[in-house]
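Today I'm looking up helix packing and aromatic rings.

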Amino acid sequence: MIKEKLKNIWRNQPSNLGDLHEDKTGNLIHREWRGVSDTAYDYYRWLITWKDIIKMAGKAPVSTVQGLWNYRWMMSYLTAPAWVDRHTEGMRGPQLRITHLHMNGLVKPTTDLIGRLLANDKHFHKNPKLADKIVNVDEIFSSEIMAGFPNLKDNHVTTIPIFLSSMVDQNITPPYLDIMESYGVPADVCPLPSAEAGVAVNDDYPIVGKCSITCNMPCDGSVMNSAFLDRRFNLPTFVLGVPLRYNEELPQEYAVQEVKEMIKFIEEQMGEKFDEQAFFKAMTQYNQQLDYEEQKWEINKTDYPQMTGATFWLYRLFYFHISGGVDDRFIKIDKKVNKLMLDAYKNKQMVSKEMRHRALVWSCPANYYTNLALWLENCWGINVVMDMETMISYIRYDTENLDAALGTFAKTLQRTTMRKHTKGGYANVVDELWRICEEFNIDTVIMYDQISCKGMDGLNGIFDDQARERGINFIWVAQDLMDPRTISRRDMREQVNKYMTTVLQEEPVDPTLVDFDDTLAW
């Protein structure tokens, strides 16, 4: 009896996780007890998150205060520690450590990006040091090409002010959406480009950069939003045309020519020459990152997956766009995670308390509820072993032939976030789904129904029929991407609850997580 009690103190199993949170605000009543070792590690990582935030403010205290005072979105990043907590709830052992490493891989570079933006913002500074060494790019632009310009930095214009901040704080986007609706934009358009345009109208983008790169991805709404950003920044702009039918070879010659013209544009505007050797060096590291990534996928195909929850796709999404093969911090994280993952797999470590279903998440996830996958795991034993946003481009770069490498970059852009499985035809949208289900031994699909997106309309019946033929549980989860007022987090969970209790007639793993109100939570 004493031995069992000591064991429980050392490594406690998750239970009654819903009781940890205050009603409506979602704030922790107290931190989760995970046993001695895991609780100490979790608290240590919580301190590191605060250290990174404080370090950012310490480097440029005046600029930080100016940002907090002038930009509505800036305050949201002070809730980053709570965001990390939401993505580690219920985790123990290797999974806790893997997730914290991944989350810190988001927090640390983000604080650097915010610091750089504020320190060089022409709103606050007359002659900022690096402002004219920055190239503004679209949020889903991949940074690999900037590796060929080692003296320059790229700024994914909407990523910090709205795309990432909306993941950290669900209530940051409504004011920007309301601004656009007051200008006559309909409420039923995609809230992503609408919120981004609202930031521009409210003059909440830091003004940096000497030129801009925009493109036609991922959809018409984003293309129209580019007009708002162009008007706001008023900089020389290159529009990169990216083919839609990306499985065909016919448009690839055109795609490469577009990339070459873009490089020429950057050279002319920034006064820098493209450095092939610097580019090839970064692409070598990019390929190495991809090796680590695909090893995660191979482990997740087995009976002992080690990458579940939401940080699998969050980390992939972030480094895919931001790293560009240049940032060494990501490869260091990958090495540490790889060792933890392989050791846990060899020991047949179970990723969660109970794994009843192996799930695939398809279509675009809601920015305001990035940790839904972890709730699925803790509440219903639905382990998400793969998702659409993880399986974006995984084409390796040629590190000797420039034309071949630029061809890969062109194809990478064609297969980027929100693009690969929503464009390019039926084979990419539907057939690819079933291929992945087979490879990862999936029995449950969580299909996000983004109600303001018209891209997937007409396929609902096809998905349902084909899932029924394959004997796969198919759960539709309606959401509004950036606007939690339309469909709340609670509404999203209830759709899953109804399916699990009525169709599958299952009991929850943790009943305290079935229904709770987190309307006012960050």
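This is a predicted model: local features need pLDDT of at least 70, side-chain atom pairs count only at pLDDT 80 or more; totals for chains, interfaces and linings use all residues.

How are H11 and H16 oriented to each other? I looked up the axes of helix H11 (residues 252–270) and helix H16 (residues 402–414), and they come within 9 Å and cross at roughly 100°. Angles from 65 to 115 degrees count as roughly perpendicular, so H11 and H16 are roughly perpendicular to each other.

Next I checked who makes the contact. From H11 I noted Gln252, Ala255, Val256, Val259, Lys260, Met262 and Ile263. H16 brings Asp403, Leu406, Gly407, Phe409, Ala410, Lys411 and Gln414. Sorting the residues of this H11–H16 contact by type, I get eight nonpolar, three polar and three charged.

Then the rings. I searched the whole structure and got 23 aromatic pairs. Trp73 and Tyr77 are both buried.

I also looked at Phe279 and Phe280. Their ring centres are 5.9 Å apart with the planes at 50°, so that pair goes down as tilted. Buried or exposed, these two, Phe279 and Phe280? Both are buried. Phe279 and Phe280 also belong to a cluster linked by ring pairs, along with Phe149, Phe274, Tyr286 and Tyr397.

Last entry: charges over rings. I found Arg97 over the face of Tyr41, 4.6 Å from the ring centre. I have Arg231 over the face of Phe228 too, at 5.8 Å from the ring centre.

Technical notes
Residues are numbered from 1 along each chain as its sequence is written. Side-chain values use heavy atoms; hydrogens and water are left out. Rings of Phe, Tyr and Trp (its six-membered ring) pair if their centres lie within 6.5 Å; planes under 30 degrees apart count as stacked, over 60 as edge-to-face and the rest as tilted. Buried means under 20% relative accessible area, exposed over 50%, partly exposed in between (1.4 Å probe, protein chains only). A charge sits over a ring if NZ of Lys or CZ of Arg is within 6 Å of the ring centre and within 35 degrees of the ring normal. Axes are lines fitted to C-alpha atoms, for helices over the stretch in contact, and angles run from 0 to 180 degrees between N-to-C directions. Helices (H or I, at least four residues) and strands (E, at least two) are DSSP runs, numbered from the N terminus. Angles under 35 degrees count as roughly parallel, over 145 as roughly antiparallel, 65 to 115 as roughly perpendicular and the rest as oblique. Contact means heavy atoms within 4.5 Å. Ala, Val, Leu, Ile, Met, Phe, Trp, Tyr, Cys and Pro count as nonpolar, Asp, Glu, Lys and Arg as charged, and the others, Gly among them, as polar.
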